[in-house]
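Here are a few notes to read beside the structure, written as numbered points.

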Amino acid sequence: MKKLKAAIIGPGNIGTDLLIKLSRSPYIELDYVVGIQESKGIDIARSKGIDTTTNGIQELMARDGSDIAFDSTGAKPHLMHAPLLKEKGIFTLDLTPAAVGPYVVPSVNLNEEILNEVNVNMVTCGGQATVPIVAAINRAADVVYAEVISSVSSKSAGPGTRKNIDEFTETTRKALEKVGGADKAKVIIVLNPAEPPIFMRNTIYAKVKNPDLDAIRKSIDDMMEKIRTYVPGYTFLLEPIIKDDIVTVMIQVEGLGDFLPVYAGNLDIINSAAVAVAEAYAKKKLGVNE
Amino acid sequence: MRDVIITDTTLRDGSHSVSHQYTLEDVKKIAAALDAAGVDIIEIGHGDGLMGSSINYGFGLHSDFDYIKAVKPVLTKSKLAVLLVPGIGSIEDLEKARELGVEVVRVATHVTEADVAEQHIKAAKKMGLFTVGFLMMAHMADQETLLQEALKMESYGADVVYMTDSSGAMLPDQVFDNISYLKKHLKVPVGHHSHNNLGLAVANSLSAYKAGADYIDGSLIGFGAGAGNTPTEVLIGALNKSGIPNHVDFYKAIDAGDKVLIPIVQEKGLALPRMSSDSLVVGYAGVYSSFMLHAKRAAERFNVDTRDVLIELGRKKAVGGQEDWIIEVAHNLSKK
């Protein structure tokens, strides 16, 4: 079957993991990896016979054939890349906090409208892990205020994440409000260096108008099922509990162990979400009906 | 002998002891008393730093910015500081604090994660703030790691780097060795912040000075997380007896605690922090001091022993800011 062709820009932790995930896709063929220097990610791409460059985005611009681009560089580079990719009509999945296009969280708002965009933003790993839960609680109980604490292992947070902590909390906060439906939100991120590394974990507190725990549980369970279709290792660490009008839920994300080991669920969830969106786009373009 | 610079954190770490419920009147009175006593730097804000106000850490009665606005006009000499924990507060928040008159920022990270502060330390320096790198939970790192992280903070532009014993888990010799090692390899001055969970806060502070630290933290009557911080007035007494020059008036520091802070605490019907079985376990297990009150509440909610909760958190190697782990641990213990 015909596949759409995709490029990865920025083969760091995120980009290299994407590379492995895309090699399994029935609808997408990864045919180009763009770096700015020699790296482990570039080596891996070469070893798999994928065309690579270490001269940056210009090389991608000079080349034809890419339908989809995954940008996992950083907020600043993406601001530069976005207009170039748009000009070339390449459907772009932005995995940086730049957020040029609308936020997409597949289990909540992956729809026709999103697939007609030229650039969509994948929020953050914390956002992919927590926005669905807030959206589920909001549907059942109307969330007035959502607060998220994401803990990730130090080993899974690369230099890009470390230099973009403010952008991480800000982007995640906005997505909890815009996509999750919370009236107001707050986000905290903590890096934990424990060995062996901790699995990515997220605590979600939601202050709600209708504290009906049964309805909330049901809504969350439905959402969990949807998420597990693209992130199988998404599980409760603490099932929903309630005190007064505050719901507490804790989620653990175990990754697939593609590039980084399974503890790096943070990496896995944003990448699995990006692949889910890209595949939906590819299916639409290829006219695949399921 | 060289002077020691005192930072008093009654209005920041001490905020844990009132569950972040200081009134604007409280902070004004305390700040005025500290200023009159000659404290060099006064740190203010939510116990978990700028924007710490949350479900996870407890909501503050007022915003950090309202506290800063209240306190700034009453200061004559003391410099005003805030704590910024990247991941909780942002550069934007810091900029707002600076506009309101804050002159010093302490940028805090877990002892192994200094690079998370690169953006914030650089931005703070650009804003013209006196910038302190604050390496928390220092007992969890070996000496070489501590140094490497301190060097990172120095390279970002920090004016001072602190070894922060957030758990009150360190011993005087360990403090001496670590500070000596930092002092030997850093160009910038070194500081120390302690908690009294093992009853060693004053001794550790003296040890730190002897090893070369120029900056020491205190808090009136030890007001702060866990068993509290180094009591400022006791520290001044001990410094004076050791002949170590400082800028704080001994009697005025005592009076600030007795005549200003204690009435405020009594009015709220609260207790002063003290060494207790819980704080002892915090220090012994090496847990973040501000976990103590949260662990107590969670233990009550789930009907388990606070000490079991704290020991388990130590075993799981929870770090500062992970107050949410407490609920999970207490909940799981209750299912056993």
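1. Helices (H or I, at least four residues) and strands (E, at least two) are DSSP runs, numbered from the N terminus. Just after helix 7 of chain A, A:Asp142 takes a positive phi of about 65 degrees. This is a predicted model, in which local features need pLDDT of at least 70 and side-chain atom pairs count only at pLDDT 80 or more, while totals for chains, interfaces and linings use all residues. Residues are numbered from 1 along each chain as its sequence is written, and chains are lettered from A and ligands numbered from 1 in the order in which they are written.

2. Helix 7 of chain A bends by about 30 degrees at A:Val131, the bend being the angle between axes fitted to the seven residues ending at a residue and the seven starting there; a proline, A:Pro132, follows within four residues. Because 16 of its 17 residues are buried, helix 7 of chain A is largely enclosed by the rest of the structure (buried: 20 or more other C-beta atoms, placed from the backbone, within 10 Å of the residue's own; exposed: 12 or fewer; partly exposed: in between).

3. In chain A, 5 strands form an open sheet with mixed pairing, in the order 8-7-9-11-10, where two strands pair if DSSP finds at least two bridges between them. Strand 8 (184-192) and strand 10 (234-243) of chain A are the edge strands, each pairing on one side only. Strand 7 (residues 143-153) of chain A runs parallel to strand 8 of chain A, joined to it by 9 bridges, and A:Ser153 stands opposite A:Asn192 in strand 8 of chain A.
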